[in-house]
Amino acid sequence: SRGWDETIRLWDTSTFEELRVWDAPIWRAVFTGIAFSRDGTLLAAASNDAVRVWNVADGSLLHALAGEEDINARDVAFFPDGNHIAVAHPRLDDPLTIWDLESETESVVSSDGLWFMRLDVSADGTLIAAGDDGGNVFVHQVTETGAQSLYDFTANKRLVYDLAFAASGHILATVDQFDAKVWDLGPSGTSEWLTLPVSDLGLLAVTYSPDGTLLARAPVDGTDVVVADADSGDEIVRLGIESDAVADLAFSPDGHYLAAATGSELGMVLVWDTTSWDLIAPLAVPDDPESSRVAWSVEFSPDGAHLAAVIGYPNDAGGLVRVWDTSSYSEVFSLDLKEEDRTVFKALAFDPRGGRLAARGSFQDPESGESLDEVRIYDLDGNLQRVCCEHWWEPIVSSVAY
């Protein structure tokens with residue numbers, strides 16, 4: 001603990017006996033930070049004149065880190081290696097620096113922030129988050145070649161009193177005098193890795209491959225399906241679909257195939273081999289090339305043995321559910337649901353345990369004229385098992401997921 005009496009006190013948490021007292025001057029106007037190394041052997045403290053590092057076991061002073069002028073440090077945080085410390089400063093030129101304890105040298109981190117008061121380092125040592133006196137948090141990425149500013153966001157209304165990373169991952173908590181908030185800084189360490197626009201119909205398909213290495217998406221013009229590297233965002237392949245709409249995309253569970261729900265003349269459901277990116281199965285090819293029918297949803301079964309799709313018309317979800325065997329892409333069964341209670345379906349989900357298919361949609365009650373939203377569950381022979389999850393709602397078909 002650190003107090004206004006300009007001391008740091010060390011306590012035994014089993015007995016709460018005070019073990020040691022260090023002199024640690026602070027500016028009366030502000031709190032200044034202390035931090036243990038990850039292994040608990042070192043303690044660092046920020047002060048106006050230096051950043052001091054002590055040996056916890058015997059209380060000896062190991063380092064008094066200071067530049068050519070007052071260091072004006074406000075907070076400190078150890079990196080996982082225990083040999084580097086991030087330091088926050090309320091100054092304009094270099095508000096964030098990193099000290100190497102072995103060489104006692106300081107490096108400035110590129111940053112657009114100013115008046116940093118609090119900081120922390122993620123458990124994996126790849127991110128530094130620093131809060132300023134205006135409630136903003138600045139996130140920096142650390143690599144073998146150095147550290148650089150990534151992005152910033154407004155976290156709290158006023159001065160960030162404190163912030164801390166979770167023990168794993170890139171989850172960050174921030175606190176001011178009004179509230180505490182928890183933020184997910186994202187697996188790639190960026191605030192906005194990719195922005196996907198929405199088409200006029202509100203349709204935009206996007207999905208990750210099962211192993212997380214690929215991201216498939218349909219651009220706003222709908223003329224192609226773009227597959228990108230999920231880490232870098234670099235485009236790998238652009239798949240022509242000859243359609244102006246892609247409503248859904250799905251990878252097979254093993255990642256070997258990618259299916260798209262489209263309005264293409266090639267087939268309303270298209271399947272590509274993800275090794276060669278060859279189109280291997282154009283399914284539900286329209287009888288009439290001028291047909292305006294589209295596929296609304298595609299879904300692989302958990303074992304990859306079946307592919308299901310809903311087919312309908314633009315601005316009117318479909319009533320036809322078709323299921324194919326993926327070994328030959330021959331049709332297993334189809335359900336023409338449009339004639340049943342004026343039902344329209346769009347979204348599908350296979351039961352993760354296999355053997356059942358849920359289709360969500362809406363139908364109009366012939367007596368009241370109101371629309372009822374529901375889920376119908378079928379076995380893989382096409383037999384209706386049950387109806388569930390009913391809601392009186394507007395005639396909008398939403399999603400379904402186990």
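Is T326 buried or exposed in this structure? In this predicted model, T326 has a relative accessible area of 17%, and because residues under 20% count as buried, T326 is buried.

The surroundings of this residue can be described in some detail. T326 sits in the loop that runs between β28 (316–325) and β29 (330–336), and, once its neighbours within four places in sequence are set aside, T326 is in contact with F300, G304, A305, H306 and L307. One of these residues, G304, also has its backbone oxygen 2.5 Å from a polar atom of the T326 side chain.

Turning to the protein as a whole, there are 33 strands and 0 helices. Of its 402 residues, 48% count as buried, while the accessible surface comes to about 19,800 Å², with 48% of that area belonging to carbon and sulfur atoms. Among contacts between residues at least 6 apart in sequence, 38% join residues that are at least 24 apart.

The largest pocket holds about 380 Å³ of space. Its lining is made up of 26 residues, and I34, A35, D75, V76 and D162 are the ones that lie nearest its centre. Several strands, namely β3 (34–36), β7 (75–78), β11 (116–121) and β15 (162–165), each supply at least two residues of this lining. The table below sorts the lining residues by class.

| Class in the lining of the largest pocket | Number of residues |
|---|---|
| Nonpolar | 17 residues |
| Polar | 3 residues |

Technical notes
Residues numbered from 1 in each chain as written. Predicted model: local features only at pLDDT ≥ 70, side-chain atom pairs only at ≥ 80, totals over all residues. Heavy atoms only, no water. 1 Å grid on protein atoms, 1.4 Å probe; cavity = no way out; pocket = protein on both sides within 12 Å on 5 of 7 lines; lining within 4 Å. Points joined across faces, edges and corners; volume = space filled by probe spheres on them. Helix = DSSP H or I, 4+ residues; strand = E, 2+ residues; numbered from the N terminus. Nonpolar A, V, L, I, M, F, W, Y, C, P; charged D, E, K, R; others polar. Buried < 20%, exposed > 50% of the residue type's maximum accessible area, 1.4 Å probe, protein only. Contact = heavy atoms within 4.5 Å. Areas by Shrake-Rupley, 256 points an atom, 1.4 Å probe, with all protein chains shown as cover. Polar contact = N/O pair within 3.5 Å; in protein donor to acceptor, adjacent residues only side chain to side chain.
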